[in-house]
Amino acid sequence: MQSRISVTATMLACAALPGIGLAQTAPAPDGGEFSSSTQFLSAVVVTALRHEKENLYVPYSISTVSSDYVDDFGPRTTPDVLNAVNGAFIQKTNLGGGSAFVRGLTGNQSLTLIDGIRLNNATFRYGPNQYLNTIDPFTIDRIEVAKGTGSVQYGTDALGGTVQLLTRNPEFATDQPGWNAKLLGRTMTHGMEQTLRGQAGYSGERFAFIGGVSSKNFGDLIGGNDTGKQSPSGYDEWSADLKTRFLLNPGAELTLAGQFLRQENVPVYHSVQLENYALREMDPQQHALTYARLNLHSDSRWTQDVTLTASWQQSLEGRN
């Protein structure tokens, strides 16, 4: 998340409060003077207006979850990340699902984007669905939720709002080129989770990439004394992702990215427990996305920034 001190925001806030200035002085106990000032750090968001804008100047309700939250709290799935967003409710009747309700709407009435590319398609059904869970949370840099708006910018499937998943960007080197790597393992009691994530990246002056592979085994959930083991609810998952950036010249940048996730034998828990199904599961539950994006910048009075995106996406769902 990019942040910077906004003097303009401070002056506006001070103008709205009579008697409050940008900086005030008052007598100190030793007879001298000390000064105090009010400053605002403004987050930059892109979802509400389809271009970067300080959140303070966006006329909509926007909530943002940063990668720091993902790293610090380690949510198991992407729907679990949205539990940190006020005004967004996550419906999960099975561990392998998770549908975001924004302003009371979900399914094909709430839009999900990945780096500006819509996850929604014409087959999305009315009501909750599980497709948000087909995005690996380890790839997420931040999530922006625009509530109660989005149809003007994105179409009629953004009635309730827009949820945009912005993936991590590899950074160009400012000094010497270098490599980096990360290995993460996580386990939970009673076999509820075993996760392994390997990630590597390279930063050069004109080329950078970041990629990783994740393997997860989710066991049946264990509830409290009155709930016990919720079976069947566990499933297996693996995913891979790669994102590269090329600085073609000072005014042109090319991004190539791909991600793949596959889940197998994902039980629909409520159908087995409440609707007397002997078996109901998704096998496989799979998502793939590949895109190429060219960003052009010029000092022309007519066009300053142009973005061209070509993408291919597949959602595969088998039902037993």
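Student: Does Lys243 count as buried or exposed, and at what relative accessibility?

Tutor: This is a predicted model, and the values discussed here are computed from it. At 7% relative accessibility, Lys243 counts as buried, because the cut-off for that class is under 20% relative accessible area.

Student: Which residue does the side chain of Lys243 meet in a salt bridge?

Tutor: The general idea is that side chains of opposite charge can pair when their charged atoms come close. In this structure, Lys243 is paired with Asp115 at 3.6 Å, N to O. The bridge links distant parts of the chain, with Asp115 in the loop between E9 and E10 and Lys243 in strand E18, 128 residues apart. Asp115 is buried as well, with a relative accessible area of 7%.

Student: Where is the loop that holds Asp115, and which residues is Asp115 in contact with?

Tutor: The loop runs between strand E9 (111–114) and strand E10 (117–118). Leaving aside neighbours within four places in sequence, the contacts of Asp115 are Gln164, Leu165, Leu166, Thr167, Lys243, Tyr291 and Arg293.

Student: How many salt bridges does the count come to?

Tutor: The count comes to 15 salt bridges. One of them joins the side chains of Arg168 and Asp71, at 3.1 Å from N to O. Arg168 lies in the loop between strand E12 (161–167) and strand E13 (178–188), and Asp71 lies in helix H2 (residues 67–73), so this pair ties together parts that are 97 residues apart in sequence. Arg168 is buried at a relative accessible area of 16%, whereas Asp71 counts as partly exposed at 44%.

Student: Which residue forms a salt bridge with Lys216, and how far apart are the closest N and O atoms?

Tutor: Lys216 is paired with Glu237, and their closest N and O atoms are 3.5 Å apart. Because Lys216 lies in strand E15 (residues 207–218) and Glu237 in strand E18, the bridge ties together parts that are 21 residues apart in sequence. Lys216 is buried, with a relative accessible area of 3%, and Glu237 is buried, with a relative accessible area of 6%. Salt bridges that share partners join Asp136, Arg197, Lys216, Glu237 and Asp241 into one network.

Student: What is the volume of the largest pocket, and which residues are closest to its centre?

Tutor: The largest pocket has a volume of about 1,500 Å³. Of the 44 residues that line this pocket, Val46, Glu52, Asn169, Arg293 and Asn295 are the closest to its centre. E21 gives the most to the lining, with five residues.

Student: Which residues make the nonpolar surface patch of about 220 Å²?

Tutor: The patch is made by Leu296, Val306 and Leu308. Leu296 is found in strand E21 (residues 281–297), and Leu296 is partly exposed, with a relative accessible area of 33%.

Student: Is Leu221 buried or exposed, and which residues is Leu221 in contact with?

Tutor: Leu221 is buried, with a relative accessible area of 18%. Its place is in strand E16 (residues 221–222). Apart from neighbours within four places in sequence, Leu221 is in contact with Arg76, Leu95, Met192, Gly228, Lys229, Gln230 and Ser233. Leu221 and Glu193 are 28 residues apart in sequence and 9.1 Å apart in space, C-alpha to C-alpha.

Student: What does the protein as a whole come to in secondary structure, buried residues and accessible surface?

Tutor: The secondary structure comes to five helices and 22 strands. Of the 320 residues, 44% count as buried. The accessible surface comes to about 17,000 Å², of which 54% belongs to carbon and sulfur atoms. Among contacts between residues at least 6 apart in sequence, 58% join residues at least 24 apart.

Note on methods. Residues numbered from 1 in each chain as written. Predicted model: local features only at pLDDT ≥ 70, side-chain atom pairs only at ≥ 80, totals over all residues. Heavy atoms only, no water. Helix = DSSP H or I, 4+ residues; strand = E, 2+ residues; numbered from the N terminus. Buried < 20%, exposed > 50% of the residue type's maximum accessible area, 1.4 Å probe, protein only. Contact = heavy atoms within 4.5 Å. Areas by Shrake-Rupley, 256 points an atom, 1.4 Å probe, with all protein chains shown as cover. Patch = residues over 30% accessible without salt bridge, like charges linked within 9 Å, V, L, I, M, F, W, Y side chains within 5 Å. Salt bridge = Lys/Arg side-chain N within 4 Å of Asp/Glu carboxyl O. 1 Å grid on protein atoms, 1.4 Å probe; cavity = no way out; pocket = protein on both sides within 12 Å on 5 of 7 lines; lining within 4 Å. Points joined across faces, edges and corners; volume = space filled by probe spheres on them.
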